[in-house]
Amino acid sequence: MNRSPLIEFKKVTKQFGEKVILDRVNLQIFEGEITAIIGLSGAGKTILLMHIIGLLTPDEGEILFQGRALSSMSKKELSSHFARISYMFQHNALFDSLNVYENIALPLKEKSSLSKTQIHQKVVARMQQMELTDSAQKYPSELSGGMQKRTALARALVTDPNIVLFDEPTSGQDPVRKNAILEMILQYKREFGFTAVLVSHEIPDIYCVSNRIIVLYNRRVVFEGTPQKLQTFAHPFQDEILQSQRSLKQELQRTGGPECKNIP
Amino acid sequence: MKRDLKRKKSSPRTRGKTFALQFFSLLGTKVLQWMKQLGFGAIFTVQAMIKIVGRGQYMRILQHIYFIGARSSPIVLLVGLFTGMVLGLQLYHALSFVGAEGTLGALVALSLLRELGPVLTAIMITARAGSAMTAEIGMQRATEQISALTTMQIDPVRYLISPRIAASIISFPLLTSFFNLIGIFGGYLSGVLFLGGNSASYLYRVQSSTGMKDITDGLLKAVVFAIIVSVVCCYQGYFSHQRTDSHGARSVGLATTSAVVISCVLILISDYILTSLLI
């Protein structure tokens with residue numbers, strides 16, 4: 001069955017000065033799915049997300065939303081389109097002059113027509129889910145990296161968006177909280193049926209939560225498909241991962257370090 | 001043959017041509033850059049001014065009035081007092097040579113109301129609040145807080161810039177008035193109380209020599225300086241990421257330095273232009 005994609009990149013190219021970051025990238029993101037974007041550091045994953053949220057525009061190519069090019073939309077249409085998308089930044093981008101409560105409440109206070117009581121209820125509910133209730137009055141500089149991440153996550157989800165872009169949501173989290181965050185993303189997806197695009201380096205976890213995986217390598221998309229299909233995908237990207245694991249194994253053997261059974 | 005070519009390349013005439021080409025190319029690039037900056041600055045100013053009025057702006061403007069106005073008042077008052085005292089001291093000695101100590105009040109008041117009040121207040125606020133504006137907005141840019149606002153469909157210019165400009169427009173004239181008042185009192189302190197000038201003569205001259213035009217001209221200058229300082233400082237912070245000479249925290253530092261220097265220079269240039277128009 002042929003499905004039509006929610007978001008589609010058609011030969012998208014982006015370069016900063018002489019440096020090409022994305023080179024004729026083609027990809028598809030489908031409604032109601034969790035799509036993971038993986039790749040080596042500096043492969044352009046964050047830049048790709050920034051194109052989806054509208055922080056960057058392509059130098060060449062088109063980004064389509066439900067079949068319509070973003071470049072053909074009016075300012076008003078673009079505004080209502082982007083209002084449905086939430087973005088969780090890699091480095092959180094919390095407002096350092098606002099406390100945790102105010103940070104989470106900000107998008108609702110500024111853009112929604114909800115009453116103060118409704119906003120309070122929503123913010124408190126998100127803080128409870130993220131175990132942030134005790135830190136409501138703390139400022140970002142007083143929080144640990146993990147708590148900052150959870151505050152950013154709460155802020156991204158408080159508006160109940162249709163599409164959520166997560167830029168490394170679990171980095172810097174302990175294993176318990178990491179699983180809790182992934183569980184929450186799955187739970188939210190089940191409850192509200194949102195579409196998620198996830199950038200992550202936690203490859204085993206990604207396999208568990210995502211419906212589709214996109215691999216960015218050398219400025220291009222080299223793989224699009226299910227996690228199962230990725231296991232049998234033969235590409236230098238996989239080779240590089242395996243090679244790095246073998247190098248680590250050899251180094252451990254040379255230095256008399258512990259034996260790591262996970263490395264083939 | 002090769003030797004001839006080499007000689008041709010390095011001839012003084014060719015060198016002169018190359019130098020002239022490089023010079024005009026550099027000059028042209030710089031002029032184009034300045035024009036571009038000026039254009040961006042004009043658009044930025046108009047956008048920020050239009051967005052002053054709107055939902056939630058009232059509270060934000062009040063918060064910035066507290067920071068730019070209320071918290072700058074101690075330093076402005078201190079500088080105002082000593083400026084007045086120095087004026088009283090210098091002018092008293094100068095006037096005593098020609099036996100005109102009685103006009104001390106008029107000279108102190110007019111110098112403060114027309115020139116020193118608005119200019120020194122603006123420079124003091126630039127140093128205290130303007131630099132802080134640039135640094136804060138620059139850090140918000142560097143830590144992606146401004147991008148976060150954009151992704152939440154919150155207009156960063158409306159949220160961050162417009163309230164600061166509005167607060168400056170309200171705070172500058174108020175602080176200038178306080179500066180003038182305390183400056184006149186400072187002149188009284190040094191000229192009358194410390195040096196023994198005539199108290200009644202000082203106060204009478206202050207009252208009789210100053211007209212409403214002196215006060216309104218000074219306040220008009222304060223409003224113009226408010227717009228210049230707030231726009232320059234916000235602009236430098238907002239676009240600190242586009243600096244070509246540095247990145248990250250260093251670019252915020254350099255943006256802050258540029259903001260203070262450009263503001264001070266523009267205050268003095270615009271002061272001359274306004275004075276020549278108003279006089």
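This briefing describes the sheets, a helix, individual residues and the chain contacts of a predicted model. In chain A, four strands form an open antiparallel sheet, and β7(A) pairs in the parallel sense with β6 of chain A and runs parallel to β8 of chain A. Chain B, by contrast in its make-up, has ten helices and zero strands. The two chains touch, with 14 residues of chain A in contact with eleven residues of chain B.

**The antiparallel sheet of chain A**

- The strand order in this open sheet is β2-β1-β4-β5, and the pairing is antiparallel.
- Because β2 and β5 (68–69) of chain A stand at the edges with a single partner strand each, one side of each is left without a neighbour in the sheet.
- Strand β4 (residues 60–65) of chain A is joined to β5(A) by two bridges, and these strands run antiparallel.
- Within β5(A), A:Arg68 is the bridge partner of A:Phe65.
- Strand β2 (residues 19–29) of chain A contains A:Arg24, a residue that has a positive phi of about 45° although it is not a glycine.
- A:Arg24 counts as partly exposed because it has 15 C-beta neighbours inside 10 Å, a count that falls between the limits of 12 or fewer for exposed and 20 or more for buried.

**Strand β7 of chain A and its parallel partners**

- Strands of a sheet pair through backbone hydrogen bonds, either parallel or antiparallel.
- Strand β6 (residues 85–88) of chain A pairs with β7(A) in the parallel sense over four bridges, and A:Leu165 in β7(A) is the bridge partner of A:Tyr87.
- β7(A) is also joined by five bridges to strand β8 (residues 195–199) of chain A, again running parallel; here A:Val199 in β8(A) stands opposite A:Asp167.
- β7(A) is mostly covered, with five of its five residues buried.
- In a regular strand the side chains alternate between the two faces of the sheet.
- Both faces of β7(A) are covered: A:Ile163, A:Leu165 and A:Asp167 are buried on one side, and A:Val164 and A:Phe166 are buried on the other.

**The loop residue A:Asn162**

- A:Asn162 is found in the loop between α5 and β7 (163–167) of chain A.
- With 17 other C-beta atoms within 10 Å, A:Asn162 is partly exposed.
- Leaving aside neighbours within four places in sequence, the contacts of A:Asn162 are A:Arg84, A:Phe194 and A:Thr195.
- A:Phe194 is 32 residues from A:Asn162 in sequence, yet their C-alpha atoms are 4.8 Å apart in space.

**Helix α4 of chain A**

- α4(A) has 14 residues and reaches 20 Å from its first C-alpha to its last, close to the 20 Å expected at 1.5 Å a residue.
- The residues A:Lys122, A:Val123, A:Arg126 and A:Met127 of α4(A) are buried; they cover an arc of only 135° around the axis, which puts them on the same side of α4(A).
- An α-helix has 3.6 residues a turn, so residues three or four places apart point the same way.
- The cover over the buried residues of α4(A) includes α3 (100–111) and α5 of chain A.
- On the face of α4(A) turned away from its buried side are the exposed residues A:Thr117, A:Gln118, A:Gln121, A:Ala125 and A:Gln128.
- Just after α4(A), A:Glu131 takes a positive phi of about 55°, although it is not a glycine.
- A:Glu131 lies in the loop between α4 (116–129) and α5 (145–157) of chain A, and A:Glu131 is exposed, with 12 other C-beta atoms within 10 Å.

**Contacts between chains A and B**

- 14 residues of chain A are in contact with eleven residues of chain B.
- α2 (75–82) and α3 of chain A each supply at least two residues of the side of chain A that touches chain B, and α3(A) gives the most to that side, with four residues.
- The residues of the side of chain A that touches chain B divide into ten nonpolar, two polar and two charged.

**Chain B as a whole**

- Chain B has a radius of gyration of 25 Å, whereas a compact globule of 279 residues would have one near 19 Å.
- Along the principal axes, the C-alpha atoms of chain B fill a box of roughly 90 × 60 × 30 Å.
- Of the 279 residues in chain B, 40% are buried.
- Among contacts in chain B between residues at least 6 apart in sequence, 87% join residues at least 24 apart.

Definitions and conventions: Residues numbered from 1 in each chain as written. Chains lettered and ligands numbered in written order. Predicted model: local features only at pLDDT ≥ 70, side-chain atom pairs only at ≥ 80, totals over all residues. Contact = placed C-beta atoms within 7 Å. Rg over C-alpha atoms; globule rule 2.2 N^0.38 Å. Expected span 1.5 Å × (residues − 1). Arc of directions from axis to C-beta. Nonpolar A, V, L, I, M, F, W, Y, C, P; charged D, E, K, R; others polar. Pairing = 2+ DSSP bridges.
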